[in-house]
Amino acid sequence: MENFIVTGSFMKYIHAGNGQRLRLSKSYVGGHNFLKFELGRCLLNERLVESGKSAEWLAKDLLIKPERVCDFMENKRVMPLKIAISIADSIGCDVRALYELIPHDNEAKGASRNNG
């Protein structure tokens, strides 16, 4: 299963389990770089509880240090894409369920910058 597709120089999509896809493209408006989504807090602890697994189990399963897993859960570090995909596969969740995704309304920002 392909999780990410790059369709242009700055456009990426994540495929959702329900056949939809979530756009994660960068927009360049007025020389400014805007992301379509910002990561909120890490939801790994909640996903581990739902799966009945522990952070220690996950660290052993992925052959990484338990401290690194804790850093993700405490928002001290953002998961690299490869690790996020591996974590989601290990605990049986969608990769998008590992973080709160906060959408940005960049069209309004871009319009106001271009008009002003």
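## Leu58 and its contacts

Leaving aside the neighbours within four places in sequence, Leu58 is in contact with Leu44, Leu48, Val69, Ile87, Ser90 and Ile91. The model in which these contacts are found is a predicted one, and Leu58 has its place there in helix α2. One of the contacts can be followed through both sequence and space: Leu58 and Val69 stand 11 residues apart in sequence, while the distance from C-alpha to C-alpha is 7.8 Å.

Is Leu58 buried or exposed? The relative accessible area of Leu58 is 0%, and because buried means under 20% relative accessible area, Leu58 counts as buried.

## The chain as a whole

The protein chain contains 5 helices and 7 strands, and read along the sequence these elements follow the pattern β-β-β-β-β-β-α-α-α-α-β-α. Of the 116 residues in the protein chain, 31% are buried. Among the contacts in the protein chain with a separation of 6 or more, 52% are accounted for by residues 24 or more positions apart.

## Helix α2

Helix α2 covers residues 55–62, and the buried residues of this helix are Ala55, Leu58, Ala59 and Leu62. Seen down the axis of α2, these buried residues fall within an arc of 100°, so they line one face of the helix. An α-helix has 3.6 residues a turn, so residues three or four places apart point the same way. The partners against which the buried residues of α2 pack are α1, α3 and α4.

Just after α2 comes Leu63, which takes a positive phi of about 60°, a positive value in a residue other than glycine. Leu63 is found in the loop between α2 and α3, and at 77% relative accessibility Leu63 counts as exposed. Another feature of this part of the chain is the placing of Lys53, which lies over the face of Trp57 at 4.5 Å from the ring centre. As for pairs between aromatic rings, the structure holds 0 of them.

## Helix α3

Helix α3 covers residues 66–73, and in α3 the residues Val69, Asp71 and Phe72 are buried. The arc that they cover around the axis is only 155°, which puts them on the same side of α3. The buried residues of α3 pack against strand β6, which covers residues 37–42, and also against α1, α2 and α4. Val69, buried in α3, is among the residues in contact with Leu58.

Just after α3, Asn75 takes a positive phi of about 60°, and Asn75, too, is described as a residue other than glycine with a positive value. Asn75 is found in the loop between α3 and α4. How does the accessibility of Asn75 come out, and what is the relative accessible area? Asn75 is partly exposed, with a relative accessible area of 42%.

## Helix α4

In helix α4, which covers residues 81–91, the residues Ile83, Ala84, Ile87, Ala88 and Ile91 are buried. They cover an arc of only 135° around the axis, which puts them on the same side of α4. On the other side of α4, Lys82 and Asp89 are exposed. What covers the buried residues of α4 includes α1 (44–51), α2 (55–62) and α3 (66–73). Just after α4, Gly92 takes a positive phi of about 75°.

## How α2 and α4 meet

At what angle do α2 and α4 pack, and how far apart are their axes? The two helices pack at an angle of about 115°, and their axes are 11 Å apart. The crossing that α2 and α4 make is right-handed.

The residues of α2 that take part in this meeting are Trp57, Leu58, Asp61 and Leu62, and from α4 they meet Ser86, Ile87, Ser90 and Ile91. Leu58 and Leu62 belong to the buried residues of α2, and Ile87 and Ile91 to the buried residues of α4. Trp57, which meets α4 from the side of α2, is also the residue whose ring face has Lys53 lying over it.

Key:
Residues are numbered from 1 along each chain as its sequence is written. This is a predicted model: local features need pLDDT of at least 70, side-chain atom pairs count only at pLDDT 80 or more; totals for chains, interfaces and linings use all residues. Side-chain values use heavy atoms; hydrogens and water are left out. Buried means under 20% relative accessible area, exposed over 50%, partly exposed in between (1.4 Å probe, protein chains only). Helices (H or I, at least four residues) and strands (E, at least two) are DSSP runs, numbered from the N terminus. The arc is that of the directions from the helix axis to the C-beta atoms. Contact means heavy atoms within 4.5 Å. Rings of Phe, Tyr and Trp (its six-membered ring) pair if their centres lie within 6.5 Å; planes under 30 degrees apart count as stacked, over 60 as edge-to-face and the rest as tilted. A charge sits over a ring if NZ of Lys or CZ of Arg is within 6 Å of the ring centre and within 35 degrees of the ring normal. Axes are lines fitted to C-alpha atoms, for helices over the stretch in contact, and angles run from 0 to 180 degrees between N-to-C directions. A crossing is left-handed if the near helix is turned anticlockwise from the far one by less than a right angle, and right-handed if clockwise.
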